[in-house]
Amino acid sequence: MRFLSRSGAAALAAALFVSSCAPVPPPAPPSLPTPVPTPVPTPAPTREVLPKVGLALGGGGARGFAEIGVLRVLEQEKIPISFVAGTSVGSLIGALYADTGRVLDAEFHAISVTEEDLFDYRAFAVFSGGFVKGERLLQFLGANLKSKSIEQMKIPYAAVAVDVATGRAVSFQRGSIAPAVHASCAIPGVFVPVEIGGRTYVDGGVVNPVPADVARSMGAEVVVAVSIPPLVRSTVPTNPVAVAYQSVTIMSSEIARLRAREADVVVTPDVGDVAYDDFTQKKRLITAGEDAARKALPQIRAAIAARTRRVPVP
């Protein structure tokens, strides 16, 4: 057996010493599992639910034909109407519209109607409380409405009149259309008061000229009111009917201004100096209604947007 020399042994020992003193590398860290991304939940599909829009149509005699222009713009802008409440001429325009839900039908009848279609002046009717019996108004409605009862109308409808005995406003939302409109249009001192079911009624404009509250009570979430401003005359009327109507207008104009505040948007057509009994200015009045409605469109859209909600799709 061959032995290492002394110097070789020393070298070997030194090498072993150095190797034994060398730092031991740390163990490799355990491998971590690959993270699994957390799934992002898919939002449930939703849809927009528009609020129900109600119309409150005020009185104003022939000046109220401006309301046709307002209806025309709302239909053109695809703003659906869910409820219609009307007072006085507003009940007439409202009935012509709610009957089929088409402005074209209402406009056709409004354009064709004449003073003689609505007013049947009789000298001795004054002894019954007015100059006009209202029979022609009933005939006009019977001939031009497809529906006979309010329940049959395409759009839920209310005609507002005043119970003479109690002084309270009453909204007719069921029953025959023609008597309800007749009662709502029975201007005190001009029309003979209307009897329905043993109660006597006159024009709703006496206490509720712009029935925004009625439209709201029917279920409207957004109420658009059309308020016809009173006629400012340059001369004092001498005709007894004109005097009576002017007196009622003065009485109800301030009430109308206050009641209109109950609506979300108030449209006030500039009908100028057109007289309450001037049936020759209907196209001008309809244009005035259109202009006023277009000016109010931003407010109407804002009111609808504020009450639009999103609901899950079932």
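A salt bridge here is a side-chain nitrogen of Lys or Arg within 4 Å of a carboxyl oxygen of Asp or Glu. By that rule, this structure has 11 salt bridges. Keep in mind that you're looking at a predicted model.

**Salt bridges**

- Let's start with R310 and E48, which form a salt bridge whose closest N and O atoms are 3.7 Å apart.
- R310 belongs to strand β10 (residues 309-312) and E48 to strand β1 (residues 46-49), so this pair ties together parts that are 262 residues apart in sequence.
- Are these two partners buried or exposed? R310 has a relative accessible area of 52%, so it is exposed. E48 is at 51% relative accessibility, so it counts as exposed too.
- Next up, the side chains of R72 and E107 meet in a salt bridge at 2.2 Å, N to O.
- Here R72 lies in helix α2 while E107 lies in helix α4 (residues 103-112), so the bridge ties together parts that are 35 residues apart in sequence.
- R72 is partly exposed, because its relative accessible area is 22%, whereas E107 counts as buried because its relative accessibility is 16%. The cut-off to remember is that buried means under 20%.

**Aromatic pairs**

- How do you describe a pair of aromatic rings? You give the distance of the centres and the angle of the planes.
- F65 and F279 make an edge-to-face pair, with 5.8 Å centre to centre and 70 degrees between the planes.
- You'll find F65 in the loop between β2 (53-57) and α2 (66-76), and F279 in the loop between β9 (265-267) and α10 (282-306), so this pair ties together parts that are 214 residues apart in sequence.
- Both F65 and F279 are buried.
- F65 has another neighbour to look for: K282 lies over the face of its ring, at 5.6 Å from the ring centre.
- F172 and Y201 also form an edge-to-face pair, this one with 5.1 Å centre to centre and 75 degrees between the planes.
- That pair links distant parts of the chain, with F172 in strand β5 (residues 169-172) and Y201 in strand β7 (residues 199-203), 29 residues apart.
- F172 is buried, and Y201 is as well.

**A look at T280**

- Which side chains does T280 touch through polar contacts? Its side chain is joined to that of D278 by a polar contact of 2.5 Å, and it makes a polar contact with the side chain of Q281 at 3.5 Å.
- T280 and I111 are 169 residues apart along the chain, and their C-alpha atoms are separated by 9.5 Å.

Note on methods
Residues numbered from 1 in each chain as written. Predicted model: local features only at pLDDT ≥ 70, side-chain atom pairs only at ≥ 80, totals over all residues. Heavy atoms only, no water. Phe/Tyr/Trp six-rings, centres within 6.5 Å; stacked < 30°, edge-to-face > 60°. Helix = DSSP H or I, 4+ residues; strand = E, 2+ residues; numbered from the N terminus. Buried < 20%, exposed > 50% of the residue type's maximum accessible area, 1.4 Å probe, protein only. Lys NZ or Arg CZ within 6 Å of the ring centre and 35° of its normal. Polar contact = N/O pair within 3.5 Å; in protein donor to acceptor, adjacent residues only side chain to side chain.
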